[in-house]
Amino acid sequence: MTMSDYVITDQTGRIDKVLTTLEPEITRSQLKNLINDGHVTVNGQMVKPKYKVQSGDKISLVKPEPQLLELMPENIPLDIVYEDDDVIVVNKPQGMVVHPAPGHPDHTLVNALLYHSPLSTINGTFRPGIVHRIDKDTSGLLMVAKNDLAHQSLAEQLRNKTNKREYLALVYGQIKEDAGTINAPLGRNPQDRKKQAVVKGGRHAVTHFKVMRRYDNFTLVKCILETGRTHQIRVHMKYIGHPLVGDPLYGPRKVIGKDGQFLHAALLGFKHPRTGKELVFEAPLPENFQKMLDKLDKQQHKG
């Protein structure tokens, strides 16, 4: 990564516009993404693209190094829950990265999907067909667009919050409330760029939760996403004092399990982009998650 620092003297206007004059080789849309991803700070604080710069502002811009990737179809088995000419619903296993990125150039869900079927082109070369993502160590359901018409429709449903996304999560501690809503803005953690955090001026993020089962030291919750920010459930549950079991990034230092967080995208619903029919799909818990619950049930029963 490279860093550039600027002190504002006579420039005025939105920060994304001002930066286009300071960094002419970067497009405004790319700068917006860099700002939204926390790569731009003003006086040490993250801001939004519409922030109006002021005289004396110190702007720091971190530019990730460009890396060339070659996207290859790979014959990797897929757990396809539903498929037609427009969409694929796939049950992603825990441990699989959704799309190639620096550090993960292959063996991703996209590599497997490209071998299986043509995909939409809207999200560019390295995210074809991908309308929304789940973390590498999160299992469960994803909707994938096979053509641009389907992609536009599914993306619009995400923007308008008309689709359904329900997750099951095992968290530390007993949550006292039977249900609740976490409304806390998220952005890149200023102390650790690998993490997200609840930050002032972050992106709007809302998670609804409902307690499904309480154990002595854990709670099984259903989380319903109103927005879909990076690591949203993981950060929001930590924010209320109940981090996900097994989470190597946001959980306690001593992690239970070796496969990552116990988080599963269990239900996915959307309107079919061509027919308008309401489709709802469910995926059972992966084996390691179910085994953990069986173990906790047994301990509870003994107690």
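**Reading domains, exposure and salt bridges**

Modeller: Let us start with D297. Its relative accessible area is 26%, so it counts as partly exposed. Bear in mind that this is a predicted model.

Biologist: Which residue forms a salt bridge with D297?

Modeller: First the general idea. Side chains of opposite charge can pair when their charged atoms come close. Now the case. R213 is the partner of D297, and their closest N and O atoms are 2.5 Å apart. R213 sits in strand β12, while D297 sits in helix α6 (residues 287-302). The two are 84 residues apart, so the pair links distant parts of the chain.

Biologist: Is R213 buried, exposed or partly exposed, and what is its relative accessibility?

Modeller: R213 has a relative accessibility of 34%, so it counts as partly exposed.

Biologist: How many salt bridges does a search of the whole structure find?

Modeller: The search finds eleven. Let us look at some of them. R214 pairs with D178, with 2.9 Å between the closest N and O atoms. R214 lies in strand β12 (residues 206-214), and D178 is in the loop between β8 and β9.

Biologist: What is the relative accessibility of D178? And of R214?

Modeller: D178 has 54%, so it counts as exposed. R214 has 27%, so it counts as partly exposed.

Biologist: Where in the chain do K222 and E166 lie?

Modeller: This is another salt bridge, K222 to E166, at 3.6 Å from N to O. K222 belongs to strand β13 (residues 218-225) and E166 to strand β8 (residues 164-172). The two parts are 56 residues apart in sequence, so the pair ties them together. K222 has a relative accessible area of 21%, so it is partly exposed.

Biologist: Which residues are linked in a network of salt bridges?

Modeller: The network links R14, D16 and R28.

Biologist: Now the domains. How is the protein chain divided?

Modeller: Domain 1 covers 2-63, and domain 2 covers 80-301. Eight residues of domain 2 and six of domain 1 take part in the contact. The C-alpha centres of the two domains are 31 Å apart.

Biologist: What area is buried between domain 1 and domain 2?

Modeller: The general idea is simple. Two parts put together lose accessible area, and the loss is summed over both. Here the buried area is about 640 Å², and carbon and sulfur atoms give 45% of that. On the domain 1 side, N36, M46 and K48 supply 60% of the area buried against domain 2. That is more than any other three residues supply.

Biologist: How many salt bridges and polar contacts cross the interface?

Modeller: Between domain 1 and domain 2 the rule finds zero salt bridges. For polar contact, the rule finds one residue pair across the interface. The side of domain 1 that touches domain 2 has three polar, two charged and one nonpolar residues.

Biologist: Let us look inside domain 1. Where is S60 found, and what does S60 touch?

Modeller: S60 is in strand β4 (residues 58-63). Leaving out residues up to four places away in sequence, S60 touches S4, D5, H39, V40 and T41. With D5 there is also a polar contact between the side chains, at 2.6 Å. S60 has 14% relative accessibility, so it counts as buried.

Biologist: Where is D37 found?

Modeller: D37 is in the loop between α2 (28-36) and β2 (40-42). Its relative accessible area is 37%, so D37 is partly exposed. Sequence and space can be read together. D37 and G251 are 214 residues apart along the chain, and their C-alpha atoms are separated by 22 Å.

Biologist: How far apart are A179 and P128 in sequence and in space?

Modeller: A179 and P128 are 51 residues apart in sequence, and 37 Å apart in space from C-alpha to C-alpha. A179 is in strand β9 (residues 179-183). Beyond residues up to four places away in sequence, A179 touches F209 and K210. A179 has a relative accessible area of 48%, so it is partly exposed.

Conventions: Residues numbered from 1 in each chain as written. Predicted model: local features only at pLDDT ≥ 70, side-chain atom pairs only at ≥ 80, totals over all residues. Heavy atoms only, no water. Domains from an automatic or database assignment. Contact = heavy atoms within 4.5 Å. Buried area = accessible area lost by both parts, 1.4 Å probe. Salt bridge = Lys/Arg side-chain N within 4 Å of Asp/Glu carboxyl O. Polar contact = N/O pair within 3.5 Å; in protein donor to acceptor, adjacent residues only side chain to side chain. Nonpolar A, V, L, I, M, F, W, Y, C, P; charged D, E, K, R; others polar. Helix = DSSP H or I, 4+ residues; strand = E, 2+ residues; numbered from the N terminus. Buried < 20%, exposed > 50% of the residue type's maximum accessible area, 1.4 Å probe, protein only.
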